[in-house]
Amino acid sequence: MTKILSVKNLVIKFYTFDGVVHALNNVSFDLEEGETLAIVGESGSGKSVSMLSLLHLLPMPPAKIENGEAYFYGNEEEPVDLLKLNRSGISKIRGGKIGFIFQDALSALNPVMTIGRQISESIIEHLGLSHAKAKEKTIELLKRVGIPGARQRYDNFPHQFSGGMRQRVMIAVSMACTPKIVIADEPTTALDVTVQAQIVDLTKELQKEFNIAVVWITHDLGVVAGMADRVLVMYAGSPVEIANAQDLYSNPQHPYTIGLMNALPNVKGDGDSRLASIDGIPPDLMDEPRHCQFAWRCPHAFDRCWEEIPQQVSVGENHVVSCFFDVENGRPKENV
Amino acid sequence: MQRYILSRLIQSFIMLVGVLFIVFFMLQLTGDPVALMVSRSASPEQIEELREELGFNRPVLVQFADFVGNAVKGDFGMSLRHNQPAMELILERMPATVELASIALLFAMVIGIPLGLLGGANPGSIWDMLARGAGLIGQTIPNFWLALILIMIFAVNLGWFPSFGRETYQFMGLALPTKSVILPAFALGLFTMGQLVRFTRSAVLEIKNEDFVRTAYSKGLADRRVYIKHILRNAAIPLISILGVQFGYLLSGSIYIETIFSWPGLGNLLAESIGNRDFALVQAIAFFTSLVVVSLNLTADIAYGMADPRIRYGE
Amino acid sequence: MGNEATIKSTGSRVDEEVERGIWPKLVYVWRLLYRDKAGMLGLAMFLIVAATAVFSPWLAPYDPLKQDLMVAKQPPAYSEKGDMSHVLGTDNLGRDMLSRIIYGSRVSLTVGFFGVLIAGSLGMIIGLISGYVGGRVDSFIMGGVNMILALPYLVFVVFIASILGRSLLNVILIFGFTNIPIFARITRGEVLRLRESGFVESALSIGATRTRILFSHILPNLLGPLITIATFEMSGMIFYEAGLGFLGLSVPPSTPSWGNMLATGRQYLTIYPWIATFPGLAIVFTGLGMNLFGDWLRDVLDPRLRRTKR
Ligand SMILES: Nc1ncnc2c1ncn2[C@@H]1O[C@H](COP(=O)(O)OP(=O)(O)OP(=O)(O)O)[C@@H](O)[C@H]1O
Ligand SMILES: [Mg+2]
């Protein structure tokens, strides 16, 4: 396996009128070529911010990247730090090397431009094809993502598609230039369940076909189980646990992850679909974090949790957790 | 789309009926329309005579039916002062006003839209300051005062432009504008310029935050392309209706400017007819201006529908 | 994908937001105003004009109606022929310009204030009815409102003014009534927005009466948008009043008002330019203040904008 992306110590703050929002605190993770990494966490935990920041898509101001690096290895030459790229440098990466699928395809597509043009403009930009060639390639792509009557649909506007079809278009936009990485930010939340499954399957197919690494942001632990190779669990702007999907389900190491797993409906499925929830609310991101952010809600919190911020430690192969407590043995860890 | 156009047509029609109603009953506001029209020294006999002549002795509803019947034929009665059909006078004066308003609109668009775009694209920059300043100036300087100041500086002191009157340059049967239109058009257009700057700027600021703009950037498009193909294209659609409304505003706002510059247009005619208590003419001008404004809005709405695919291809 | 396990938290921080009383809110608004220098400036300018109107008799050096032909057409103090006895000079009848401008603020503010009061209260009531009752009543009222808003405003105002004749009361009534539609439309829009947000239903479901909801939820929420629009409308009325005065259709000619002064100034434009210049500057000053303040109000009261404000 070869690394395609390596994010280290990412810190992002929002300087708003009401105060400073500590959106990301020291986020680090790696992404391998062709794998699927799921990012899960409550609303506001920083999932979107962490991904948008890599492509300079956050509004700055108020956002400011305070620290961190994000090495991308998908270029032919040297690896580059995405966060240090200039405008034209990042433009080549966006769409060309890293594609983005957004949650609500209706608002993510330009309402007054045909969907064909919205796909082909990216192809023209990155692959330098002529208009006519780009159009042919776009129609191929529309067929590939399963749009019936692709040639006629080329000239349609977003509102003329159903929700599922729009999300297929969105996928075509993101993969138009066969990028190395596709970031999917809750791409199925707005869709109904059967369509969700189709979108997940389509993404998986294309991922295999083009050997694309996918970062799949979601609230939905069901989707995670079905498609992710590895999972990153976020809590209040911090990565609390990273593990292989099976490991995470069978052997969660962070109290927050454990809480999530316990709250899951019976995976065997007796049809009961409750919402996973843990008592309490996440901390106010306006306060500078001085200790473990989960301490307020943590059943195992002890003195140290209120004094220090836990660092990421490896607890097994490909398994990293940020916690002072050893849940397996029911006592504080000694060597961290 | 057909249904959209049809419903707009019906709306416009109802509006015009409403306008006729308002224009007619406005004169009845004080109880006696004839008393408004005569000079204070008129004797009771003279008033009675006029009342009979103009048919104001009939029941109000009969008068109204008569008024509407004639109006449909384009007949708004005679101007007492000019002794000429009101509509004829209006049509004579129309070209001058259209020239003035069009040039004012052109000036407002050429300056206002790019400035708003630049300001909205770079908040806090020097362009933004200029845009905000222009918006504020347009909104706070009354055009009647501006016109006086312009005359003082550019006509009286510098002598660059004439201080009154309209001159045209005849070319192949067309009456082309000359520099006599510059001062009045600038004074008239400044407010609209400010409005266009404000609108464009805030539309750009708003659209910039839309998800699809982020998508456009996520595709690696350059700023220029994002602004022109995505942001401006979306802002242009509501701009169409704004332009319609603003043109209507310019037509009626010309009353001050035309009076000050003795510009031989509709606004001037309106001010003059009010001075002369020539109310048949005032009614006719009010209706005619409304007719133009309503048609402008209708045209703008239809153009809007054509430009917006959500309406054009909607059910 | 039968299981729809999604991650969310129980409880929320939103309640806190709602629970905050009126006093912390005012403090917050003041903090925002204090940061925005343009808004501060606008408020200060408006307060200056308001104070001028209230204290005219103490501020004006002369009786604004007193004619003194000996000093007629005296230029302002900065000119060689002028002197400090009449700082802004005198008009064609020898009346002191400064005193007339000071008194003129009374006409402008009276028209603006009462005009907005009439238009605002009637418009609010009509808009509330329209939005609250809905259905046919709503479409009828809104049909009328939209029609009036689409008419060439200035033409009709001039028309009415010429019929009613020159008096302060008439001018107030004209602006008070012709501006009802804009307030009605804003009010209705807000009521619909609040209704859509669903909290009226939820309040009803926990047993609140309609009147209670009106007074405890709808009206307080209306206040912000209405105050903002009132600021702009007031400045608009001040403009239009001056415009009517300029055409000789506002308050009687003897009354010192900025519009009347402009009308006089126009006649002497080429020889005594100051007569037209200063009343215009007074209008610009007032309009600038109100617009700066109004823009700020709009920014503050629009929560969407507040978020990204530095
Ligand atoms: N433009 C902004 N201004 C201020 N704060 C912001 C802004 N954008 C995001 N934030 C803050 O950053 C934090 C992380 O937001 P983010 O959008 O990454 O959450 P998320 O995990 O993607 O949540 P969701 O599941 O709801 O999409 C949030 O607390 C949010 O309040
Ligand atoms: Mg998100």
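Trainee: Which residues of α6(B) and α8(B) meet?
Mentor: On the α6(B) side they are D128(B), A131(B), R132(B), A134(B), G135(B), L136(B), I137(B), G138(B) and Q139(B), and they meet L190(B), F191(B), M193(B), G194(B), Q195(B), V197(B), R198(B) and R201(B) in α8(B), where contact means heavy atoms within 4.5 Å. By class, the residues of this contact divide into eight nonpolar, five polar and four charged, with Ala, Val, Leu, Ile, Met, Phe, Trp, Tyr, Cys and Pro counted as nonpolar, Asp, Glu, Lys and Arg as charged, and the others, Gly among them, as polar.

Trainee: Before we go on, what sort of model is this?
Mentor: It is a predicted model, in which local features need pLDDT of at least 70 and side-chain atom pairs count only at pLDDT 80 or more, while totals for chains, interfaces and linings use all residues. Residues are numbered from 1 along each chain as its sequence is written, chains are lettered from A and ligands numbered from 1 in the order in which they are written, and side-chain values use heavy atoms, with hydrogens and water left out.

Trainee: Back to that pair, then: at what angle do α6(B) and α8(B) pack?
Mentor: Helix α6 (residues 126-140) of chain B and helix α8 (residues 182-208) of chain B pack at about 135°, with their axes 7 Å apart; the axes are lines fitted to C-alpha atoms, for helices over the stretch in contact, and angles run from 0 to 180 degrees between N-to-C directions. That angle makes α6(B) oblique to α8(B), since angles under 35 degrees count as roughly parallel, over 145 as roughly antiparallel, 65 to 115 as roughly perpendicular and the rest as oblique. The helices themselves are DSSP runs (H or I, at least four residues), numbered from the N terminus.

Trainee: Moving to chain C, how do α3(C) and α13(C) pack?
Mentor: Helix α3 (residues 37-54) and helix α13 (residues 274-301), both of chain C, pack at an angle of about 135° with their axes 7 Å apart. That makes α3(C) oblique to α13(C), and the contact between α3(C) and α13(C) has 13 nonpolar, four polar and no charged residues.

Trainee: And what about α5(C) with α6(C)?
Mentor: Helix α5 (residues 97-133) of chain C packs against helix α6 (residues 135-150) of chain C at about 140°, with the axes 7 Å apart, and α5(C) and α6(C) are therefore oblique to each other. The contact is made by I126(C), I129(C), S130(C), G131(C) and V133(C) of α5(C) and by G135(C), V137(C), D138(C), I141(C) and M142(C) of α6(C). Its residues divide into six nonpolar, three polar and one charged.

Trainee: Which side chains have an N or O atom by an oxygen of ligand 1?
Mentor: Among them are K47(A), at 2.9 Å, and H219(A), at 3.1 Å. An oxygen atom of ligand 1 is also 3.2 Å from a polar backbone atom of S45(A).

Trainee: Last one: what does T178(C) touch?
Mentor: Not counting residues up to four places away in sequence, T178(C) touches Y153(C), V157(C) and I160(C). T178(C) is found in helix α8 (residues 168-178) of chain C, and a polar atom of its side chain lies 2.7 Å from the backbone oxygen of I174(C).

Methods
Helices (H or I, at least four residues) and strands (E, at least two) are DSSP runs, numbered from the N terminus. A polar contact is a pair of N or O atoms within 3.5 Å; within protein, one must be able to donate a hydrogen and the other to accept it, and residues adjacent in sequence count only if both atoms are side-chain atoms.
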